[in-house]
Amino acid sequence: MVDVGGLLVLGIILVILLPFLLLALIGMLWTVAYPLMLCWAVLFSGKKLDQQIASTASREASLRESLGRDPLTTIDGGYRTDITSCGVVWSGVVFGPSHWHLLIGWINNLTGGSVDIFQKVVSAGRAEAMQRLREKALAEGYEDVINVRIDTSDMTPQGARKSIKAVEIFAYGTGVKYT
Amino acid sequence: MEQMVQGILVVNTETIPGMMITETLGVVSGSTVRAKHLGKDIFAGLKNIVGGELSQYTELLQESREEAVGRMVADAMSRGANAVVNVRFATSAITAGAAELFAYGTAVKAE
């Protein structure tokens with residue numbers, strides 16, 4: 001009887017402690033993983049960003065070449081009157097600079113002027129969002145996207161210092177089909 | 001598309017190409033706050049160190065937006081509309097890993 005009661009108490013204590021143990025484990029993993037990931041970022045994140053930009057640009061170029069035009073326009077209502085069906089299409093990309101890029105940006109910020117690294121990161125994300133909008137609209141059977149709007153919103157809440165640093169680029173418009 | 005299946009046409013232009021708006025039924029809106037589970041948050045945090053796209057959050061916002069638009073469409077249906085025009089989206093980050101998505105537009109009857 002004593003044995004069973006003891007086990008029960010031990011079990012309850014373990015269950016109560018489990019979340020804390022898990023948190024400690026995650027903390028330990030983080031301490032080990034962070035320097036490794038940062039090293040990787042210092043060495044390769046610039047290259048990765050360049051690859052991302054190049055891949056988006058090549059997809060955009062091949063799509064433009066196959067269509068002969070850019071399907072996106074910001075004109076409200078379009079420029080053609082033979083529209084037969086329409087519907088909203090959107091795409092979003094959450095894109096962030098690496099911690100190495102944050103450091104470069106911080107140093108750049110001290111000297112002032114244009115912070116080119118952040119401009120590069122955000123426009124890479126924007127190009128990707130727009131390219132996905134084109135692909136999505138074509139996949140849903142639309143020929144053009146009119147009244148395209150592009151929003152940029154911060155994923156980092158105000159005042160939160162220890163959180164992810166990223167922006168969400170959201171592109172939306174009305175997909176249209178012609179006769 | 002999902003919105004078309006429910007019989008409601010959703011566009012972000014002020015008019016519907018090829019249709020006449022006969023009646024406006026007011027502003028309809030839908031909003032949602034969603035979050036991913038801790039594991040995905042941690043993974044996104046790790047991925048943020050090396051930069052680039054955070055696909056967990058891209059997915060999260062995509063799902064949330066579908067839900068918000070679904071609620072907006074339900075609102076429009078309850079008013080007896082057959083289309084929602086001039087749809088706008090707004091996003092705000094409440095805490096790290098939870099985003100509020102808001103979609104609004106004007107419910108109309110169109111022929």
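**A chat about chains A and B**

Visitor: Hi! How many bridges join β4(B) to β5(B), and which way do they run?
Guide: Hello! In this predicted model, β4(B) is joined to strand β5 (residues 98–110) of chain B by 10 bridges, and the two run antiparallel. Within β5(B), the residue opposite B:Thr91 is B:Leu101.

Visitor: Nice. What sheet is that, and what is its strand order?
Guide: It is an open sheet of four strands in chain B, ordered β1-β4-β5-β2, and the pairing is mixed. At the edges are β1 and β2 (21–35) of chain B, each of which pairs on one side only.

Visitor: Which helix lies across those strands?
Guide: That is α3(B), which lies across β1, β2, β4 and β5 of chain B and runs at about 145° to β2(B).

Visitor: Is B:Asn86 buried or partly exposed, and why?
Guide: B:Asn86 counts as partly exposed because 16 other C-beta atoms lie within 10 Å, and being buried would take 20 or more.

Visitor: Where in chain A is A:Asn147, and what is its phi?
Guide: A:Asn147 is found in strand β2 of chain A. Its phi is positive too, near 55°, and again the residue is not a glycine.

Visitor: And A:Asn147, buried or exposed? Why?
Guide: Buried, because A:Asn147 has 22 C-beta neighbours inside 10 Å.

Visitor: What does β2(A) pair with?
Guide: Nine bridges join β2(A) to strand β3 (residues 167–178) of chain A, and these two run antiparallel. One residue pair to look at is A:Arg149, whose bridge partner in β3(A) is A:Tyr172.

Visitor: What's the order of strands in that sheet?
Guide: The order is β2(A)-β3(A)-β1(A)-β3(B), an open sheet of four strands with antiparallel pairing. Its edge strands are β2 (144–154) of chain A and β3 (52–53) of chain B, each pairing on one side only. Helix α3 (residues 55–78) of chain B packs on this sheet, touching β1 (83–96) and β3 of chain A as well as β3 of chain B, and its direction makes about 145° with that of β1(A).

Visitor: How many bridges hold β1(A) and β3(B) together?
Guide: Two bridges join β1(A) to β3(B), running antiparallel. In β3(B), A:Gly96 has B:Gly52 as its bridge partner.

Visitor: Zooming out, how many residues are in contact between the chains?
Guide: 36 residues of chain B are in contact with 50 residues of chain A. On the chain B side, α2(B) gives the most, with seven residues. By class, that side has 20 nonpolar, 13 polar and three charged residues.

Visitor: Tell me about α2(B). What is its span?
Guide: Helix α2 (residues 38–50) of chain B has 13 residues and reaches 19 Å from first C-alpha to last, close to the 18 Å expected. Buried residues in α2(B) include B:Ala44, B:Gly45, B:Ile49 and B:Val50. After α2(B) comes B:Gly51, with a positive phi near 80°.

Visitor: Last one: what is the mean pLDDT of chain A?
Guide: The mean is 88, and 97% of the residues in chain A reach 70 or more. Confidence in chain A is lowest in helix α1 (residues 2–67), at a mean of 89, and highest in helix α3 (residues 116–139), at 93.

Definitions and conventions. Residues numbered from 1 in each chain as written. Chains lettered and ligands numbered in written order. Predicted model: local features only at pLDDT ≥ 70, side-chain atom pairs only at ≥ 80, totals over all residues. Expected span 1.5 Å × (residues − 1). Buried ≥ 20, exposed ≤ 12 C-beta atoms within 10 Å, placed from the backbone. pLDDT = per-residue confidence, 0-100. Pairing = 2+ DSSP bridges. Contact = placed C-beta atoms within 7 Å. Axes fitted to C-alpha atoms, helices over the stretch in contact; angles between N-to-C directions. Nonpolar A, V, L, I, M, F, W, Y, C, P; charged D, E, K, R; others polar.
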